[in-house]
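Hi,

Here is the structure I promised to pass on. Have a look at it first, and my notes follow below.

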Amino acid sequence: MKIAIVGTGYVGLVTATCLAEVGLNLICVDVDEAKIEKLKKGISPIYEPGLNDMLQQNIKKGRLIFTTSLAEVMPEVDVLFSAVGTPPDEDGSADLQYVLDVARTIGANMQKYALVITKSTVPVGTAKLVSNAVQQELDKRGARIEFDVASNPEFLREGDAINDFMKPDRIVCGVSSAKAQKILEKIYAPFILNGHPVIFTDIASAEMIKYAANAMLATRISFMNDIANLCEIVGADVNMVRKGIGSDTRIGSKFLYAGVGYGGSCFPKDVKALIKTADGYGYTLEILKAVEKVNDKQKIVLFNKLNKYFQGDLKGKHIALLGLAFRPNTDDMREAPALSLIEKLNEAGCSIYAYDPVAMEESKRKIGNVVHYCKDLYETLKNADAMLLVTEWTEFRILDLKKVKSLMKNAVIFDGRNIYNEQEMKDNGIVYFCIGKKSK
């Protein structure tokens, strides 16, 4: 079985590498020549713990090969995963131009039956568009070749993607034929043998499952952040509230941590796309619109606390920012709360000194030198008027508080992830603010 994966971004590369790890041979296709040349040398274009080593091992074993030409490999391909980007369009809907470009290339070059599997996150109805695009190209050629389209959405958390792929909660496959189901069962046989459930659905349901899952998780985050803000007003402690409601088996404890909002490549984009899908059918997703609104406000909650503490006088203040990536163990800054925070701090005239273990190069690419980049967290604190914890990297979890106190001009910490102990801060003469609890 010849398998190709188009798109060597986050989803495509992790999928290809992990499938190679269980013994499959894959051809990885991408139009970016520079990226493909690096991949041929075993250099991953993304930061993901464990990926680089697994990539290099499978290249050495001959299970992964890379090319820029889908047209050249298409005649020999039996299965093709489409994992190209679906960035948000200007109105928030998913831009399907790359998905459909792949479909047209398939139709123009296929010589035998192929199963086309959409791995990208796409709106309900995309499979029909893909099928039509393939068929139109076949019709232009006068070719009568059978094919199937399937949906196989990914559920990967950046920073933990290898574990998520190799030990999945579930594998969702949307199919419209017994033949397509049999092929997917063969691909995922190693996972089935290890007891990981494969759920077969119709294609529309599989497309919806991905969006609904991310929308639910985003809803839990925004719900808890809204509750956290109310906790501060009424004098409750959101950490205790989280434990209390999380112990209810109907609710569970995951995604109930208050913080500075969600970001990344999935939640913001998918929530917007699902809202736009509903709008297109004349239905309004009121809850998800509220989820977006709460999240936008939460991204600047630390700025509001900082501004209140300094009574609106932030001009010239030295602010230490810990964390730039939207979450730990990734360099991804798409929709990162740090970006909204930096924008507000700059507008207020602050001098921002930032440190992130892996995302500083990405930050320079994204926003340039609007902040001062530091070599470690303690360098950011020299003469700082305040420290803002934005991303909960492991190395930020235990601070030398005496050193922190001695370095800072004004020892005040705003903890956007609730990872520090308030009493320890107080014992070391540090003023401390967190999320969802009134400071004493």
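Let me start with helix 15 (residues 337–347), where Pro337, Ala338, Leu339, Leu341, Ile342 and Leu345 are buried. By buried I mean under 20% relative accessible area, with exposed being over 50% and partly exposed in between (1.4 Å probe, protein chains only). Helices (H or I, at least four residues) and strands (E, at least two) are DSSP runs, numbered from the N terminus. The cover over those buried residues includes helix 14 (301–309), strand 9 (318–322), strand 10 (351–355), helix 16 (360–367) and strand 12 (386–389). After helix 15 comes Gly349, with a positive phi near 85 degrees.

Before I go on, the ground rules: this is a predicted model, with residues numbered from 1 along each chain as its sequence is written. Local features need pLDDT of at least 70 and side-chain atom pairs count only at pLDDT 80 or more, while totals for chains, interfaces and linings use all residues; side-chain values use heavy atoms, leaving out hydrogens and water.

Now helix 14: here Val301, Leu302, Phe303, Lys305 and Leu306 are buried. They pack against helix 10 (203–234), helix 13 (286–298), strand 9, helix 15, strand 12 and strand 13 (412–415). Gln311 follows helix 14, and its phi is positive too, near 55 degrees.

On to the cores. A nonpolar core here is a set of buried Ala, Val, Leu, Ile, Met, Phe, Trp, Tyr and Cys residues joined through side-chain atoms within 4.5 Å. The largest has 61 residues, and Leu324, Met387, Leu388 and Tyr420 have the most contacts inside it. Helix 15 gives this core its largest share, five residues. There is also a second, separate core of 44 residues, with Val84, Val122, Cys266 and Val291 among them.

What does Tyr420 touch, leaving aside residues up to four places away in sequence? Its partners are Met387, Leu389, Phe396, Arg397, Leu399, Ile413, Asp415, Met425 and Tyr432, where contact means heavy atoms within 4.5 Å.

As for the whole protein, there are 19 helices and 14 strands, and buried residues make up 53% of the 440 residues. The C-alpha atoms fill a box of roughly 75 × 45 × 40 Å along the principal axes. Of the contacts between residues at least 6 apart in sequence, 72% join residues at least 24 apart.

Cheers
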